[in-house]
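Please read them with the model open.

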2 protein chains.
Amino acid sequence: MTLINENYLKLKAGYLFPEIGRRVKAFTDANPEAKVIRLGIGDVTRPLAPAVIKAFHDGVDDLARGESFHGYGPEQGYDWLSKIIIEKSYKPLGVELMPSEVFISDGSKCDSANILDILALDNKVAICDPVYPVYNDTNVMIGRSGEADDKGYYEGLVYMPCTEANNFAPALPKEEVDIIYLCYPNNPTGMVATRTELKAWVDYANAQGSLIFFDAAYEAFISEPGIPHSIYEIEGAKTCAIEFRSFSKTAGFTGVRCGLTVIPEQLMALTKSGEKVALNKLWNRRQSTKFNGVSYPVQRAAAAVYSEEGWPQVQETISFYMENARLILAGLKAAGITCYGGVNAPYIWLKTPEGMKSWDFFDKLLNECHVVGTPGSGFGPSGEGYFRLSAFGSHENVQEAIQRIQQKWGK
Amino acid sequence: MTLINENYLKLKAGYLFPEIGRRVKAFTDANPEAKVIRLGIGDVTRPLAPAVIKAFHDGVDDLARGESFHGYGPEQGYDWLSKIIIEKSYKPLGVELMPSEVFISDGSKCDSANILDILALDNKVAICDPVYPVYNDTNVMIGRSGEADDKGYYEGLVYMPCTEANNFAPALPKEEVDIIYLCYPNNPTGMVATRTELKAWVDYANAQGSLIFFDAAYEAFISEPGIPHSIYEIEGAKTCAIEFRSFSKTAGFTGVRCGLTVIPEQLMALTKSGEKVALNKLWNRRQSTKFNGVSYPVQRAAAAVYSEEGWPQVQETISFYMENARLILAGLKAAGITCYGGVNAPYIWLKTPEGMKSWDFFDKLLNECHVVGTPGSGFGPSGEGYFRLSAFGSHENVQEAIQRIQQKWGK
């Protein structure tokens with residue numbers, strides 16, 4: 001008799017975004033005339049940069065001719081893409097990497113989930129609360145937790161609350177943990193970590209022999225100087241951290257699918273008998289066996305993000321979104337709503353008015369303002385009473401959404 | 001201290017194809033003037049069909065304009081693609097499916113590896129020998145086996161020998177197994193299963209409550225009438241089988257990346273306490289949480305495979321490759337080499353001349369004929385003494401390779 005992986009049954013609710021999708025669909029089915037403005041899922045809305053489109057077409061054209069056809073590519077991605085990422089995105093930060101340390105993938109969500117394959121189940125995992133749900137759910141699914149309690153905390157996982165009280169910067173865990181997920185700029189709070197804060201994490205990890213998963217998917221949105229874009233800007237990070245990056249938000253690739261994972265050659269973890277094993281080799285084996293590389297034209301498109309024409313175009317779109325973030329922040333503050341983030345990230349983390357529960361505010365915002373956001377509690381128990389708005393709409397939509405919110409809640 | 005998944009250390013050698021790549025590179029580095037003909041890795045060589053290229057470009061152009069931009073798509077793939085696959089590829093076989101039963105992915109290799117996520121570790125797994133290495137290695141990596149013995153059989157996995165003695169059709173296992181991998185047309189042997197043979201498997205699986213993973217990646221190459229293209233042509237298969245399909249070989253998508261997995265709604269597996277759970281729901285949850293959908297332009301390109309212009313173009317390329325298969329078969333037979341497959345599959349499975357070991361024949365073929373093939377033993381112990389040639393080259397290269405082999409081994 002075939003048996004299922006029963007860990008899946010521990011998962012409390014559907015994954016957050018499909019649930020939002022269902023509620024929005026129910027509303028729009030019932031109110032087909034309503035103009036719903038979506039600032040919920042962190043999905044981009046602006047077209048790809050012209051230079052990226054051109055390279056994407058060129059890549060497709062290569063597949064139209066025998067002499068330039070590309071079949072299976074390296075499972076780790078093409079060297080020319082890894083090299084340009086290192087050159088344009090890491091070298092300027094003072095970070096030296098080798099192409100063998102960069103693994104191109106079809107997205108950061110997949111990588112941050114699949115990376116668990118190469119690690120033992122008995123590692124103790126710490127995640128922030130609130131957090132990108134994938135970190136939590138994938139650990140539950142793979143069997144690293146018990147059941148969830150009433151609050152939504154799964155037995156066996158260590159949650160690090162990020163609240164107003166600690167300015168959304170989690171404290172080092174008191175118990176020993178083996179794997180720590182950090183995401184900066186943070187999803188969902190939009191907050192960043194200073195160099196000093198990250199140094200404390202790197203020192204902790206190196207001292208404990210723990211591993212940091214550093215999700216830098218939003219690094220391109222950092223506007224303030226001095227904020228680290230990569231964990232490898234911190235001394236000692238190469239012996240304790242894996243970094244995930246994505247073209248999704250940086251260059252509007254949410255529907256195109258390209259990301260990358262950096263695993264330095266010197267990064268080790270242990271067998272139970274204490275033997276050191278390079279995680280780069282294990283991930284390489286995982287990807288060689290379970291993955292078949294990223295679409296060739298997509299990799300061509302990704303490389304063009306860093307081209308002379310592409311980079312300023314990509315920056316312009318980022319500035320466009322960050323102007324939205326500014327509008328949202330200013331508008332909400334003017335309405336007397338307390339909010340965070342939005343300066344170095346495309347997310348604004350607001351305290352719900354009148355201490356409403358997050359999903360109540362979601363329903364109210366949807367039903368009365370026709371605006372979709374993301375309930376903070378969907379990111380973890382400490383997100384209760386908070387709400388995430390994303391800055392990926394058009395200026396007009398963002399302004400209209402803010403006006404509707406101000407009319408409803410403004411003093 | 002972070003601990004690794006030690007199951008990875010059980011893996012004997014590097015994944016087969018990277019090992020081939022290393023040996024070929026060593027040869028070409030030492031012999032830069034040699035004209036090496038590659039009939040090893042099953043990688044296509046012909047350009048994409050013009051209709052596919054056009055749709056691919058159209059998809060890219062959609063991303064260049066705000067009004068037609070596509071961000072995150074459904075993790076399960078776009079409905080319009082699932083629907084056209086059902087309509088054009090399953091309905092003609094008499095197989096009815098719903099779009100919710102078709103999951104679009106970035107390739108069959110990923111799916112056939114990742115599907116293990118949703119099943120308990122204590123399932124007993126049966127695989128053919130020889131076999132596509134991914135089935136074996138992913139079960140080892142996830143922890144479903146002990147160590148390998150001297151022959152290369154991993155403790156705990158059930159191997160079903162496919163040899164000349166049984167005409168490469170494995171017998172039903174004597175011990176009870178929970179998961180059975182079948183691949184027809186077969187990689188590596190190029191052999192197919194008749195309707196009667198598949199019916200025996202389906203009946204066995206339904207009687208035992210076991211699950212069949214049916215890999216139909218090569219179904220488009222079936223040339224003889226009456227051979228099933230889908231496991232669902234067999235009555236009862238929807239309650240015991242998951243089918244994997246791919247655009248890789250069908251339409252030359254090895255570098256483009258698109259495949260699909262079919263999980264019928266009525267397909268169930270059990271919890272330990274005997275409760276039935278729909279595998280479709282579990283896979284849906286897996287994909288929603290750990291995957292982010294296939295690149296939108298790629299899905300547009302895949303849909304065009306089934307268009308009025310696209311389908312005949314795609315068929316023409318398949319005929320081209322099958323003409324290669326015919327040439328290889330005829331040429332090898334003329335040289336007195338015993339071979340199988342090549343009629344309903346792009347693979348020819350040959351017995352090495354003079355009873356050579358597979359890797360010895362590989363080295364001899366590379367060094368003396370400058371032809372690359374795949375050693376049968378790389379697909380499992382029962383592949384020792386066999387060798388796989390694939391039909392994906394140009395006619396000229398295939399003819400030249402066969403001539404070189406005939407000069408070397410012809411009587």
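The points below take the cysteines, then the aromatic rings.

1. Ground rules. This is a predicted model, where local features need pLDDT of at least 70, side-chain atom pairs count only at pLDDT 80 or more, and totals for chains, interfaces and linings use all residues. Residues are numbered from 1 along each chain as its sequence is written, chains are lettered from A and ligands numbered from 1 in the order in which they are written, and side-chain values use heavy atoms, with hydrogens and water left out.

2. Cysteines. A disulfide is a pair of cysteine sulfur atoms within 2.5 Å. The count over all chains is zero. The closest cysteine sulfur to that of B:C183 is in B:C128, 8.4 Å away and too far for a bond. B:C183 is buried, at 4% relative accessibility (buried is under 20% relative accessible area, exposed over 50%, partly exposed in between; 1.4 Å probe, protein chains only).

3. Aromatic pairs. Rings of Phe, Tyr and Trp (its six-membered ring) pair if their centres lie within 6.5 Å; planes under 30 degrees apart are stacked, over 60 edge-to-face, the rest tilted. A:F320 and A:Y321 are edge-to-face, with centres 6.1 Å apart and planes at 80°. A:Y321 is buried, at 1% relative accessible area. A:Y321 also pairs edge-to-face with A:F392, at 4.9 Å and 85°.

4. Cluster. A:Y218, A:F221, A:F320, A:Y321, A:Y347 and A:F392 form one aromatic cluster.

5. Charge over ring. The test is NZ of Lys or CZ of Arg within 6 Å of the ring centre and within 35 degrees of the ring normal. A:R23 sits over the face of A:W359, 4.0 Å from the ring centre. A:R245 sits over A:Y90, at 4.2 Å.
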